[in-house]
Amino acid sequence: MSTMSKLTHKKWLSILLVVAMLAMMSLSAMPAFASFRASAPGSSGSSRPGGALRASSAALVASPQVASGSVTLSVSGAAVTATASGITSPYYMFAYSQNGTTWQYGPYGASNTLNLNSRGLAAGNWYVMAFALASGDSNWGDGVWSAASVVTVSENITVAVSNTTVSATTVGITSPWYLFFYSPVGATLNWSATAFSQNTNYTFSSLAPGSYYVVGYALDGTDATDSPINWDAGIYSPYIIVSVGAD
């Protein structure tokens, strides 16, 4: 990588990570769903709600960056795990791209796992890289990128809103069942959930006026009839914001 490319890479990385940290001030604060639903999906921590930080940069090149320490990726289905070596208490961020040029970025934080089926991505092959930096280090140039791995996205769920009605669309899931999680937008998040059903739509007609984060969840119909239900078998959508007006 040329000196100019490295400088451009670091400039974009600094901007993107600052934005990611600001986003995570609200998104990483999402409590475990078990706090309001005893057997709620995501309570084990293997799948985390919250939307992707949608950003792109042609300056990001799919090759490792030369710095202290290293990051490796392991892939199981659409789930990716990053492992850092030589980095104290690492924080991670994932980058993913379908064409190797325009990249999207996940949250920056302590979690070293990412399920691409829960990012609302188009089905197909995606390049994935992981970035790691010591949690107490504010110099982004000290961080390292992994080499790129190819991950196949086979499922997704996306949500859209019309007025106060939210609609879910899934790909690759047979006879899905749905939940919609919602919380008022604010510094303190307080999540609630709709009923678990086969309804693809939900209208937020009884909420107090204001703005709400909404995250969709989908589970294969076969898994939905298991007892107990394995909530971690489902996937999440990126979040959207729904505005509920006064009557």
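Which residue in S10 does Ser162 stand opposite? It is Thr165. Keep that spot in view as we walk through this predicted model.

Let's begin with the sheet around that residue. Strands of a sheet pair through backbone hydrogen bonds, either parallel or antiparallel. Here three strands form an open sheet in the order S9-S10-S13, with antiparallel pairing. Strand S9 (156-162) and strand S13 (201-203) each have a single partner strand and stand at the edges, so one side of each is left without a neighbour in the sheet. From one strand to the next, the twist averages 20°. Look again at S9 and strand S10 (residues 165-171): seven bridges join these antiparallel strands.

Now let's turn to the rings. The structure holds 12 aromatic pairs. In one of them, Trp177 and Phe196 are tilted, with 5.4 Å from centre to centre and 40° between the planes. This pair links distant parts of the chain, 19 residues apart: Trp177 belongs to strand S11 (residues 177-184), while Phe196 sits in the loop between strand S12 (192-193) and S13. Trp177 is partly exposed, with a relative accessible area of 25%, whereas Phe196 counts as buried because its relative accessibility is 18%, and the cut-off for buried is under 20%.

Another tilted pair is formed by Phe181 and Tyr236, 6.4 Å centre to centre with 45° between the planes. Phe181 lies in strand S11 and Tyr236 in strand S15 (residues 235-236), so this pair ties together parts that are 55 residues apart in sequence. Both Phe181 and Tyr236 are buried.

Finally, see how these rings come together: ring pairs link Trp177, Phe181, Phe196, Tyr217, Trp231 and Tyr236 into a cluster.

Terms used. Residues are numbered from 1 along each chain as its sequence is written. This is a predicted model: local features need pLDDT of at least 70, side-chain atom pairs count only at pLDDT 80 or more; totals for chains, interfaces and linings use all residues. Side-chain values use heavy atoms; hydrogens and water are left out. Two strands pair if DSSP finds at least two bridges between them. Helices (H or I, at least four residues) and strands (E, at least two) are DSSP runs, numbered from the N terminus. Axes are lines fitted to C-alpha atoms, for helices over the stretch in contact, and angles run from 0 to 180 degrees between N-to-C directions. Rings of Phe, Tyr and Trp (its six-membered ring) pair if their centres lie within 6.5 Å; planes under 30 degrees apart count as stacked, over 60 as edge-to-face and the rest as tilted. Buried means under 20% relative accessible area, exposed over 50%, partly exposed in between (1.4 Å probe, protein chains only).
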